[in-house]
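Hi,

Here is the structure I promised to pass on.

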Amino acid sequence: MVGVRSDAEVIAASLSDGSEFSIVFDRYFQTIYRYIARRIGSDAAGDLAAEVFTRAFAIRSRYDTSRENCRPWLYGIA
């Protein structure tokens, strides 16, 4: 996939331009939503999934950019 940036590259770019983080949201919101919904049901899953991304955005400067894929990090926050 030529031209597709890794999650680590996107998160690093989001440190200077916060709007870049929307790429991470677009890539993983549904995955995180389904993960949460399987555990607690769909009623609150949307709100909790949104909270995962709010927290991830807040702590993105601590993300280990040697890890190209951030899905495990997001699961950990969830």
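Before the rest, two words on provenance. This is a predicted model, where local features need pLDDT of at least 70 and side-chain atom pairs count only at pLDDT 80 or more, while totals for chains, interfaces and linings use all residues. Residues are numbered from 1 along each chain as its sequence is written, and side-chain values use heavy atoms, with hydrogens and water left out.

Back to S14: because its relative accessibility is 0%, S14 counts as buried (buried is under 20% relative accessible area, exposed is over 50%, and partly exposed is in between, with a 1.4 Å probe and protein chains only). Not counting residues up to four places away in sequence, S14 touches E20, F21 and R60, contact being heavy atoms within 4.5 Å.

Now the helix pair. The axes of α2 (residues 21-40) and α3 (residues 45-58) come within 8 Å and cross at roughly 135°. Axes are lines fitted to C-alpha atoms, for helices over the stretch in contact, and the angles run from 0 to 180 degrees between N-to-C directions. α2 and α3 are therefore oblique to each other (under 35 degrees is roughly parallel, over 145 roughly antiparallel, 65 to 115 roughly perpendicular, and the rest oblique). Residues making this contact include F21, Y28 and I36 of α2 and L48, V52 and F53 of α3. By type, the contact residues divide into 18 nonpolar, one polar and no charged; Ala, Val, Leu, Ile, Met, Phe, Trp, Tyr, Cys and Pro count as nonpolar, Asp, Glu, Lys and Arg as charged, and the others, Gly among them, as polar.

α2 also has a kink of about 50°, centred on Y28 (the bend at a residue is the angle between axes fitted to the seven residues ending there and the seven starting there). Y28 is one of the buried residues of α2, and the buried residues of α2 pack against α1 (7-14), α3 and α4 (71-77). After α2 comes G41, with a positive phi near 95°.

Last one: A78, in the segment after α4. A78 is partly exposed, with a relative accessible area of 42%. Leaving aside neighbours within four places in sequence, A78 is in contact with I32, Y35, I36 and V52.

Cheers

Methods
Helices (H or I, at least four residues) and strands (E, at least two) are DSSP runs, numbered from the N terminus.
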